[in-house]
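I want to get to know this structure piece by piece.

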Amino acid sequence: MSSKSAVSPAISNEDSKSHPVLEELRMPFSRSMIGSFFQEQPKLGNQFLEDALLQSYLRKHLPPLVLEQASRDLERFGQRIVEEINSLGRECELTYLPQLQQYDAWGCRIDRIITCPAWKRMKELSAEEGLIAEAYERKYSSWSRLIQVVKLYLYSPSSGLFTCPLAMTDGAAKVIETLGSPVALQDAFKHLTSRDPNQFWTSGQWMTERKGGSDVAHGTETMAYPKPDGTYTLHGYKWFTSATDSDMSLTLGRMVDEQGHIIQGTKGLSLFYLEVRDSKGQLNGIEVQRLKDKLGTRQVPTAELLLDGVKAMRISPEGRGVASISSMLSITRIHNAIFSAASMRRIINLAREYASKRFVFGKLIKDHPLHIQTMARMEVEARGAFLLLMEVARLLGLEETNMATEQDQHLLRLLTPIAKLYTGKQAVAVVSEGLECFGGQGYMEDTGLPAMLRDAQVLTIWEGTTNILSLDILRSVIKSQGQVLSAFFSAVQVSYIAITQLQVAKNLHNM
Ligand SMILES: Cc1cc2nc3c(=O)[nH]c(=O)nc-3n(C[C@H](O)[C@H](O)[C@H](O)COP(=O)(O)OP(=O)(O)OC[C@H]3O[C@@H](n4cnc5c(N)ncnc54)[C@H](O)[C@@H]3O)c2cc1C
C-alpha cells in the first residue's frame, strides 16, 4: 500500500484537484515543502552577437573583407562558448583543483601536477581556435592582432583561467619573434603558435623570486653556470610560477663567469629558455616545492620551484635579460587588460539579463531608475576599458606589421601600462558592483559569481602593481623626452576634431 493512500483515504481524486494545498498539508513526506517560486537564472547568450559596442567598433575600423570573414568566425566562436566552453570553464574550478603529487607509491620524487580533464581540454581548444596562432599568422595583416584580442576577450570569462598560460605563451612567442626567430628557437615558436592540439605548447614566465617580483634586478638569486657546450645550468628558487604544467618557460638568471664572479643589478641578468621536461617526460632539474594557496585563480596551478641544475639556453645577449623579456611583459600586460575588460563586460551582461527577470517592489529591476543608474556607471567603465584595449591592440598590430608611425609607437609605449593599470583597478570595482546587482545571490558560490571577484583581484597585482606601472609610465615619458605625451596629445586632438565635426553634421541634419 502506498503512503499516499494510507494517509489520505478520505480525499477523492476530485477533492485533491480542488484542494492541492490541503493535500500537501496532509502528506508532509510526499514532497519537500520549499515553496513554488524559483527565480529564473540569468542566461548566457552569444557574447559576440550581444555586444553592440564590439560589433560597431569592428564595423567602423575593419576593412570590409576582413570584417566579413572575422565576424563569421567570431559569431561561430561566440556560440561555441555558450554551448561548450563556458561549462568547461566552470568545471575547471568545480571538478577538482590542481593537485601536486610529490612522491609515487614507492617513495620516488615525481612532482606531478594533476589538473582536471576540462583544463586539458582548454589547451586543445585554444590550439583549435588559434588563440595564439591568429596573431602570428598575420592572415589579416595589421588587423590580425586585434582579431586575436577580440577572440580572447570573448573567451576569457569562460576560459576557466586558461587565459593565464595563454598570456605567457603569447609573450614567449613575441620574445622569440622580437629576437629575430633564431634557429635554435624556431621549433619552440612552431609549437607555441600551432593550431594542432597535439603540437601546441604553453609557456611559463618565471621571474618572481622571494626577494622581489617588482624589483627583479636586485631580487633575482638564480645563478646561471656556463657549460662547455655553450648551454647553462640554472640554480635558484622561483617563488611564483603560474601554469606550472606548461611545456617550456622563459626565465631570468644571473650569469656566473668561469672565476665564479657575478654582476649585481640589471646588468647581471640574462634571459634563458628551458623545456620543463625531457623527451622521457622527466622534470628538467626542477623540484615543485608546493602549490600556492590562492584567493582566486584557483584553477591555475601556481607553484614554487626549486631549480636544481636546470638545463637552459641563453637567448638574450649577456646582461640584456630584463630588456629582452620586456616584450613578453608588454604582451602579458595586454592580456591582463583583455581579462579586465572582458570580466566587466561579462558581469554587466549577466546583471542586465538578471535585471530583466527579477521582479521587486512591483516591477522588474530594470524598470527602477536607480538600478539603471548603477548599471549605466558600470557600463561607462566597461566601454572605456574596451575602447582603450582595442586602441592598444590596433597599435600593436601596426607595430607588428611594420606599419606603425613613430607616433603610433610612442602611443603604444604609453598606453600599454596605462591600460593594464586602469582596467585592472576598474575590473575589481565593476565586478564587485556587479555582484551587488544580484543581491544575496551575488555572494553565493554556486552561482559562479564570487569567483569572478576573487579572480579579478589578481589583475592589479601580477604583471606589475599599480605603483610599479605608474613608475613605468613616468619612465616612458622621461626616456622619450616627453614624446609619448605629445603623441597622446595629438591623438586626443584628432579624436576631438572628429567628434566635433560629427556633432556639427548631426546638428545640421536636425535643423
Ligand atoms: C596568482 C599569482 C600568479 C603569479 N604568477 C607569476 C608567474 O607566473 N611568474 C612570475 O614571475 N610571477 C608571478 N606572480 C608574481 C607577481 O608578478 C608579483 O607578486 C608581483 O610582480 C609583485 O611582486 P612582489 O610580490 O615581490 O611584491 P613587491 O614587489 O614586494 O611589492 C609589494 C608592494 O610594494 C609596492 N612597491 C614595490 N616597489 C615600489 C616602488 N619602487 N615604489 C612604490 N611602490 C613600490 C608594490 O606596488 C606593492 O604594493 C604571480 C602572482 C600572483 C598573485
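I sort residues this way: Ala, Val, Leu, Ile, Met, Phe, Trp, Tyr, Cys and Pro count as nonpolar, Asp, Glu, Lys and Arg as charged, and the others, Gly among them, as polar. I note that this is a predicted model: local features need pLDDT of at least 70, side-chain atom pairs need 80 or more, and totals for chains, interfaces and linings use all residues. I number residues from 1 along each chain, as its sequence is written.

**Ligand.** I looked up the shell around the ligand and found 8 nonpolar, 11 polar and 2 charged residues. A residue is near a molecule if its C-beta atom, placed from the backbone, lies within 6 Å of it. Of the 21 residues around the ligand, Gly213, Ser214, Phe240, Ser242 and Thr465 come nearest. Strand E3 (203-206), strand E5 (232-242) and helix H16 (466-479) each give two or more residues to the shell. Helices (H or I, at least four residues) and strands (E, at least two) are DSSP runs, numbered from the N terminus.

I checked strands E1 (residues 99-103) and E2 (residues 109-114): they run antiparallel, joined by 4 bridges. Strands pair if DSSP finds at least two bridges between them. Leu100 stands opposite Ile113 in E2. The hairpin has 5 residues between E1 and E2, and Gly107 in the turn has a positive phi of about 90°.

**One contact list.** I took Ile338 and left aside its neighbours within four places in sequence. Ile338 is in contact (C-beta atoms, placed from the backbone, within 7 Å) with Val149, Leu152, Tyr153, Ser156 and Leu389.

Methods
Contact = placed C-beta atoms within 7 Å.
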